[in-house]
Amino acid sequence: ASQLSIPFTVGGGISNLNDIYDVLTSGADKISMNSLAVRNPALVDESARQFGSQCIVVAIDAMRESDGSYQVYTHGGRINTGRDAFEWAQ
């Protein structure tokens, strides 16, 4: 963070509020969560309350399936959650 002059977002490997705190106090402007948000949606609201909604970003890894639907994937696009991407985004 001390070497950058631009805002930056960190994602990947974040699994709890302590991780979010550590990343933000290390200089990141925002954190991005995908797998964590799918696994524990309530943590999105809790982290926004604790750290401010301006620094919490939910990313959605979506892939088009052979039937034309879009499914949500986690773990870097490796695990299909079975969730419809459009419904999850709402």
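**Entry 1: helix 1 and helix 3**

I looked up how helix 1 (residues 17-25) packs with helix 3 (residues 41-51) and found an angle of about 40 degrees, with their axes 11 Å apart; axes here are lines fitted to C-alpha atoms, for helices over the stretch in contact, and angles run from 0 to 180 degrees between N-to-C directions. That makes helix 1 oblique to helix 3, where angles under 35 degrees count as roughly parallel, over 145 as roughly antiparallel, 65 to 115 as roughly perpendicular and the rest as oblique. I note that this is a predicted model, in which local features need pLDDT of at least 70 and side-chain atom pairs count only at pLDDT 80 or more, while totals for chains, interfaces and linings use all residues. Residues are numbered from 1 along each chain as its sequence is written, and side-chain values use heavy atoms, with hydrogens and water left out.

I then listed the contact (heavy atoms within 4.5 Å): Leu17, Ile20, Tyr21 and Leu24 of helix 1 meet Leu43, Glu46, Ser47, Gln50 and Phe51 of helix 3. By class, the residues of this contact are six nonpolar, two polar and one charged, with Ala, Val, Leu, Ile, Met, Phe, Trp, Tyr, Cys and Pro taken as nonpolar, Asp, Glu, Lys and Arg as charged, and the others, Gly among them, as polar.

**Entry 2: the chain**

I recorded four helices and six strands for the protein chain, these being DSSP runs numbered from the N terminus, with helices (H or I) of at least four residues and strands (E) of at least two. Along the sequence I read the pattern β-α-β-α-α-β-β-β-β-α, and along the principal axes the C-alpha atoms fill a box of roughly 45 × 25 × 20 Å.
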